[in-house]
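Work through the exercises below. Each task is followed by its solution in steps.

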Amino acid sequence: DGLEALEKVASCKPDLLVLDWMLPELDGLAVCRQLRLDPATIDLPIIMLTARGEEIDKIIGLELGANDYVTKPFSPRELAARIKAQLRSRQVHQRQSEEDEGKVLKQGRLLLDAHRYLLQKDQVTVDLSPKEFELLFLLVSQPGRIFRRDDILNQVWGYDYPADTRTVDVHIRYLRQKIEDDADNPTMILTVRGVGYKFMEPSP
């Protein structure tokens, strides 16, 4: 059950967690939320496993901190591939964190600290999930470059096979809500129709 899951994670932090949504005592969403509030597990890769396949359910799961979302029925090979992708992505980002320790990007009103996963807009800290930060850092690191959705999935999530690009769109939507002055009329994270996204340096 959910309470037992939290106890097991606390006693021996796993490399990755496959988390069922429908758990007794404490459901998977509540478990995910608590893990993301704990500094010790804020970056723990979590794959949400559930029979709930509606778009709103996926959005809720991703917003609460799940790294990936697999709906039942699913292929064991697909789940194994997604697990490998998450573990590979984690290894890559751990190496990048070591290489980028103390690396700071400053673009207009935004400041990003890669070591601390810290974003400030107009010197005010903005709360981002780890994946939101990694996605924003990727875009901000090369202003004006157009990133295809598949490229973003590969570089941020570690996928080396076609995956659901909706994951990218959902994270872009939440990033806009958090950093844009008007999320419906973005001036920083722009959509390139039929291709992907790019970051434009904001005006002072």
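**Exercise 1: cysteines**

C12 counts as exposed, at 57% relative accessibility. The model is predicted: local features need pLDDT of at least 70, side-chain atom pairs count only at pLDDT 80 or more, and totals for chains, interfaces and linings use all residues. Residues are numbered from 1 along each chain as its sequence is written, and side-chain values use heavy atoms, with hydrogens and water left out.

Task: classify C32 as buried or exposed, then state how many disulfides the structure holds.

Solution.
- Apply the cut-offs: buried is under 20% relative accessible area, exposed over 50%, partly exposed in between (1.4 Å probe, protein chains only).
- C32 has a relative accessible area of 0%, so C32 is buried.
- The disulfide count is zero. A disulfide here is a pair of cysteine sulfur atoms within 2.5 Å.

**Exercise 2: helix pair**

Task: describe how helix α1 and helix α2 cross, and find which residues make the contact.

Solution.
- Take α1 as residues 2–11 and α2 as residues 28–37. Helices are DSSP runs (H or I, at least four residues), numbered from the N terminus.
- Their axes come within 9 Å and cross at roughly 30°. Axes are lines fitted to C-alpha atoms over the stretch in contact, and angles run from 0 to 180 degrees between N-to-C directions.
- That angle makes α1 roughly parallel to α2, the class for angles under 35 degrees.
- G2, L6 and V9 of α1 meet V31, Q34 and L35 of α2. Contact means heavy atoms within 4.5 Å.

Terms used:
Helices (H or I, at least four residues) and strands (E, at least two) are DSSP runs, numbered from the N terminus. Angles under 35 degrees count as roughly parallel, over 145 as roughly antiparallel, 65 to 115 as roughly perpendicular and the rest as oblique.
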